[in-house]
There are 4 protein chains.
Amino acid sequence: MDKRFTGMIPPVVTPFTAEGEVDLEALDRVIEHLIEGGMNGLFILGSSGEVAYLNDAQRDAVTARTVATAAGRVPVLVGAIETTAKRVIDRALRAQELGADAIVAAGPFYALPSAAEVADHFRAIHAAIDLPLFAYDVPVRLGGLKLGRDMLVELGKEGVIVGVKDSSGDDVGFRRLVAANEAAGHPLSLLTGHECVVDGMLLLGADGAVPGYGNVDPRSYAQLLEAARAHEWDKAREIQDRICAGFEIVFAVKGQGADGTGIPAFKTAMEAVGVLDNAYMAPPVKALEGENRQRVIDIVHAVGLA
Amino acid sequence: MDKRFTGMIPPVVTPFTAEGEVDLEALDRVIEHLIEGGMNGLFILGSSGEVAYLNDAQRDAVTARTVATAAGRVPVLVGAIETTAKRVIDRALRAQELGADAIVAAGPFYALPSAAEVADHFRAIHAAIDLPLFAYDVPVRLGGLKLGRDMLVELGKEGVIVGVKDSSGDDVGFRRLVAANEAAGHPLSLLTGHECVVDGMLLLGADGAVPGYGNVDPRSYAQLLEAARAHEWDKAREIQDRICAGFEIVFAVKGQGADGTGIPAFKTAMEAVGVLDNAYMAPPVKALEGENRQRVIDIVHAVGLA
Amino acid sequence: MDKRFTGMIPPVVTPFTAEGEVDLEALDRVIEHLIEGGMNGLFILGSSGEVAYLNDAQRDAVTARTVATAAGRVPVLVGAIETTAKRVIDRALRAQELGADAIVAAGPFYALPSAAEVADHFRAIHAAIDLPLFAYDVPVRLGGLKLGRDMLVELGKEGVIVGVKDSSGDDVGFRRLVAANEAAGHPLSLLTGHECVVDGMLLLGADGAVPGYGNVDPRSYAQLLEAARAHEWDKAREIQDRICAGFEIVFAVKGQGADGTGIPAFKTAMEAVGVLDNAYMAPPVKALEGENRQRVIDIVHAVGLA
Amino acid sequence: MDKRFTGMIPPVVTPFTAEGEVDLEALDRVIEHLIEGGMNGLFILGSSGEVAYLNDAQRDAVTARTVATAAGRVPVLVGAIETTAKRVIDRALRAQELGADAIVAAGPFYALPSAAEVADHFRAIHAAIDLPLFAYDVPVRLGGLKLGRDMLVELGKEGVIVGVKDSSGDDVGFRRLVAANEAAGHPLSLLTGHECVVDGMLLLGADGAVPGYGNVDPRSYAQLLEAARAHEWDKAREIQDRICAGFEIVFAVKGQGADGTGIPAFKTAMEAVGVLDNAYMAPPVKALEGENRQRVIDIVHAVGLA
């Protein structure tokens, strides 16, 4: 397992201007906030980075700027989120040119593949690039497609992938993946995206986490990791409970689609704590307004972050 | 309603070489086969065109070649299948430059939008292009996202879209859409993708169909349309039954993912009837082999197409 | 095929008193309304009969009264809706004692069976009873369980079932079932529950329909059947369109669960046309109130039923 | 919170004879095995008890026998699994007569209720019985119906329910339920059915668990609870990992429906460890055979249970 890709690696949000353009100066501030907050890596152009709403030029701009600003202090993992391998490879090669440290690819989508085609998808990507590859397991955005445990471990043993970001919400599946990975010699770095139960996931053997709420409160996640590594589990649980109290911002937003809920809540909270100047989203998604916005801000204050 | 976009408009398959490249000469033959078979338009770069597996250069090549070969004999509708509006627009503008007659766009995917964001998605695309826009309703590839009846008719009345390709399989929804469209002055051309019940859909008021199996047997669909327009419904049903007997090729393929079932069956049948020289698919999807291939060929012979 | 079980066989609603008890006198009026309206059979204790909300004593009361009131004028099909075969059989034998003409059973639910177990479920029921058995295909209430085409035709050939009530909404599946049933010598009576597209389903070969809205407007369904049998398809479509205009009552109800939508709308419309004195539902489901109730009544008036 | 209903409360399997009848003598042995194994209560007639396959007489027999055999050593919770409140109440009153200590009821099924109707469902049951009521959250068997966090805590505050058995597999939802329950004064006993991550669930505040695999290996779950209560979390994890190695029996079964997988695996393992003489299932579900059976036995031996 590549130790660089363990610990807390938040999916970095992409700030926007009022005109709907990527705000690179705000991105710099987010990056500093995360590195100073103790994060072990940066995962850009993931779902929380609103990757589906960015065109190729914007994706390149985010990649180049993050690499420049991170300046080697922590590794930069870049999402190459496209429907199939051929398209993923085009994006991954561009990220490679721009200095990415690793590529993160989901399974095929819009496409309706067989299990064997999913494995070949990752093999084709690996064969075409010169960077470590993470598999991103996110059924909720892939029409329910779940990456199989045995396939992931097999791809790890083949050297095709170096890790998994598990956003499947299937904790039994994750524990079984941890056990199978261990039995295979631990080829994979297993990162949970289940950011409300990171304490339990670290207890059962996760190598790290990809917490979206880490954009708001990186320090608590860094403390959680420290407590877990010290086997101070009751302390870890307390920190996680504190995180979860803040994470309620996600559930405080009503009447929106999913892309108008969690990420806008994160950005609104980041504005409240002073990291961002605004909470603009990629068009046509709107920033939170009215009661939704207020509820998020109230929670941020209630948990003492601002 | 724009009369150009009614009748039988098949989703054109994309032929490939053994090396996995788009086979433009074979594409020419497919186009001639469809126009000679009486089709009223061509819909390229849809799901049946394996659009999700093609990179931008390949999509451009298919568009340019189809426009050139069709040479104005029938309109060419071009799929701009991308996750969100900003990306759809990039693709649509390119298709526009290359001579497309209309653009076909699905709702957002990978993204998880609200209903209002879906409507704004189509409005943004329309505002950015100078071509008629079709909405493509295909929940099975969009994580279950169904385009709402009221939204579609409203977008029709606004002039945002000129029609709908309905691949939702929800025939009650389609009938309600037909009725609401009629009540609104028939702004939309409503095309069913439910290719096994086109007789019933024409009876209830569809303006046409987008039959994937039309790649194999365009003449029968042309005859079906003719019978329906003459109100010869028993004849229409007989033709549809004959089509359905051939359409069983899709269900004859076992043990594959969805993208390895219907389209490979179409291509194998097209090879059997002499339109294609092979049945290659976009990598990593494989052409049918063994029993799957044989069952398809047997059906093609049994129904007298070859 | 048993000709008794063809044509229009509505799923009879169960009237209730204000106290939540079954209203048997009102049930008599419903039965007369349906028989006078030209219906070919009565299907009691189905989903539209709120079977899931009735205990065994209530189910027995509805069965006995319907058999007595129908008095042999039309056959009475009785739903035996229970989780598994052993429980279905208990109910079916009771219905048999009470004079049922046929039993209607769904696949297993709450249970999570294999395909083979589903077939054995129907075989076990058939073996235990002395009445014709219908299979009821209703995935929306069975956690998505769809009865397979090949299994249904096989069970028909074995003599296990005499027909299918298809409420799956899968019209391509239904057409394939019609074709396979025909190829097997037509052992099954195939009834569509897709009440808004009965014209198209009759065109493609359905043996009849099970229309919930037939409780409101049986005459139109009788006319639709007559037109279809006379091959007057344009007339059939016109009648179906008129039915669909009235069926909009189902979509006029907002903010309810599914069981608080369609059936309450039917009952409210039946009150508006004078068949029922009220629109009470099985507790805890509430009768429609306020705007929901008014919208239903307005539609009933608009289509000229009251 | 009622302390009687905390700790390890396994869902007791129902043994069968070769003829498909409930085997009450074998049930006695299971009960002794569980009580001697340190279990804190017995949950009979749940999904693992194959409740959906038992008729009323069989359910009564299982209840009476369990009450008699347990003889007050541990509380007996009885599943009253029926489609709606009226039917649940009939069953719950019978269980009450037979000496049950608490009733466990799922939300409505086959029915398609609104959220308000689900709450009223539990209120109606509570009002009709004189026993503590547990809500059983099992979306996989209820067509996806998930019991809402706020509703559950509200029902707890009202005194309608005393606890929840959470088999939803939504661990974030469970943590949020734990937090909301705590904020409300802890009215509910929250038991996880997520038997592979009980360590993490106890860490985050679960009051206990309902482990199906506890039928096979109750001692390990008792040890896990003891370790957790002593805040020995690394030890708890080790025990849980050992449990999970054995729980792989569930995943070792291939080619079956869900009801032919987990419970048959439990029974086969119970036979291997000597608690049962056979592994018969309720008809038409079959006991494991051939490779499926052997794989389960091999795992049982590999983990040292037999």
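Me: Which helix makes a right-handed β-α-β unit with β7(D) and β8(D)?
Reply: Heads-up: this is a predicted model, where local features need pLDDT of at least 70, side-chain atom pairs count only at pLDDT 80 or more, and totals for chains, interfaces and linings use all residues. Residues are numbered from 1 along each chain as its sequence is written, chains are lettered from A and ligands numbered from 1 in the order in which they are written, and side-chain values use heavy atoms, with hydrogens and water left out. Right-handed means that, with the strands pointing away from you, the path from the first strand over the helix to the second runs clockwise, and helices (H or I, at least four residues) and strands (E, at least two) are DSSP runs numbered from the N terminus. In the unit with β7(D) and strand β8 (residues 208-209) of chain D, the helix is α7 (residues 198-204) of chain D.

Me: How many bridges join β7(D) to β8(D)?
Reply: Two strands count as paired if DSSP finds at least two bridges between them. L191(D) stands opposite G208(D) in β8(D). The strands β7(D) and β8(D) run parallel, and the number of bridges joining them is 2.

Me: And β6(D): how many bridges join that one to β7(D)?
Reply: One place to look is G163(D), whose bridge partner in β7(D) is S189(D). Strand β6 (residues 163-166) of chain D also runs parallel to β7(D), and the bridge count is 4.

Me: Through which helix does the chain cross from β6(D) to β7(D)?
Reply: This β-α-β crossover is right-handed. On the way from β6(D) to β7(D), the chain passes through helix α6 (residues 171-183) of chain D.

Me: Which residue is the bridge partner of V78(D) in β4(D)?
Reply: V78(D) points the way V76(D) does from strand β3 (residues 76-79) of chain D, L77(D) and G79(D) point the other way, and all are buried. β3(D) pairs in the parallel sense with strand β4 (residues 102-106) of chain D over 3 bridges. In that β4(D) strand, the partner of V78(D) is I103(D).

Me: What stands opposite V76(D) of β3(D)?
Reply: Turn to strand β2 (residues 42-44) of chain D, which pairs with β3(D) in the parallel sense over 3 bridges. Opposite V76(D) stands L42(D).

Me: How many aromatic pairs are there over all chains?
Reply: Rings of Phe, Tyr and Trp (its six-membered ring) pair if their centres lie within 6.5 Å; planes under 30 degrees apart count as stacked, over 60 as edge-to-face and the rest as tilted. By that rule, the count over all chains is 31.

Me: How far apart are the ring centres of F247(C) and F266(C)?
Reply: F247(C) is in helix α9 (residues 233-247) of chain C and F266(C) in helix α10 (residues 262-273) of chain C, 19 residues apart. F247(C) is buried at 9% relative accessible area, and F266(C) is buried at 5%. The pair is tilted, with 45 degrees between the planes and a centre-to-centre distance of 6.4 Å.

Me: The charged end of which residue sits over the ring of F251(D)?
Reply: A charge sits over a ring if NZ of Lys or CZ of Arg is within 6 Å of the ring centre and within 35 degrees of the ring normal. F251(D) belongs to a cluster linked by ring pairs, together with Y213(D), Y221(D), F247(D) and F266(D). The charged end over F251(D), 3.4 Å from the ring centre, is that of R176(A).

Me: What rotation superposes chain A on chain B?
Reply: Copies are superposed by least squares on the C-alpha atoms of residues with pLDDT of at least 70 in both. The shift along the axis is 0.0 Å, the RMSD is 0.0 Å, and the rotation is 180 degrees. That's the relation of a two-fold axis, and in chain A the C-alpha nearest this axis, 1.9 Å from it, is that of G143(A). So for the rotation itself, the value is 180 degrees.

Note on methods:
Buried means under 20% relative accessible area, exposed over 50%, partly exposed in between (1.4 Å probe, protein chains only).
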